[in-house]
Amino acid sequence: MTPLDVTTILGNKTRPWFHVCQLSIERQAAAEFFDVDPVVADEPGLGDGDYWAIELDCGLKLAFEFFHWGKGGSVFADLPCSQHARRHLRHWDSELIDVPRDMQEPDRGVMIERFAGEMPELLELDAFQVWRQGDDGNQAKIGVPTTKRDADCWVAEFESHHHKQIYWVSRCVSASA
């Protein structure tokens with residue numbers, strides 16, 4: 001986990017950030033997790049907010065926003081894939097609430113359209129499937145179709161357990177954009 005410079009993210013319109021989860025923890029718990037002071041910024045009409053951002057080894061970028069007036073915060077990701085964010089935030093699993101996809105629209109669609117040229121992975125959000133082959137040779141899908149980065153990260157996690165099973169990623173036959 002590498003801290004990112006939040007000051008280059010706040011107000012930046014050159015890359016999208018997708019609101020993927022709500023996180024019901026105190027700001028102090030977040031501060032202890034990140035082990036760095038937050039960037040504090042005044043959001044007009046909302047007051048002061050604490051901000052952190054990280055990049056994980058798999059390339060996933062997450063940003064966190066906690067306003068001073070309440071408990072809990074928001075989790076943003078550089079791709080709209082809450083399951084990938086959840087996988088890396090398992091220690092807070094019971095405190096995470098996914099933002100329903102219908103609540104993300106129309107902003108999600110507009111951001112995908114706007115940034116698809118610079119980020120073609122936005123057009124392949126549900127295009128990859130994780131597979132497993134057991135000791136008996138049977139193959140089975142694991143989970144639901146997801147992003148390439150999430151699928152690769154998930155396979156790396158499975159392989160780190162050193163089981164006999166074989167895991168891989170394949171492109172879905174019909175992927176939704």
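Me: What makes a charge sit over a ring?
Reply: NZ of Lys or CZ of Arg must be within 6 Å of the ring centre and within 35 degrees of the ring normal. The charged end of Lys148 sits over the ring of Phe128, 5.8 Å from its centre. The charged end of Arg114 sits over the ring of Phe115, at 4.2 Å from the centre.

Me: What kind of model is this, and how are residues numbered?
Reply: It is a predicted model, where local features need pLDDT of at least 70, side-chain atom pairs count only at pLDDT 80 or more, and totals for chains, interfaces and linings use all residues. Numbering runs from 1 along each chain as its sequence is written, and side-chain values use heavy atoms, without hydrogens and water.

Me: How many aromatic pairs does a search of the whole structure find?
Reply: Nine. Rings of Phe, Tyr and Trp (its six-membered ring) pair if their centres lie within 6.5 Å; planes under 30 degrees apart are stacked, over 60 edge-to-face, the rest tilted.

Me: Why is the pair of Phe33 and Phe34 called edge-to-face?
Reply: Their centres are 5.0 Å apart and their planes stand at 75 degrees, so the pair is edge-to-face.

Me: What makes Phe67 and Trp69 a stacked pair?
Reply: The centres are 5.7 Å apart, with 10 degrees between the planes. The limit for stacked is under 30 degrees.

Me: Is Phe67 buried or exposed?
Reply: Buried, at 13% relative accessibility. The class means under 20% relative accessible area; exposed is over 50%, and partly exposed lies in between (1.4 Å probe, protein chains only). Trp69 has 62%, so Trp69 is exposed.
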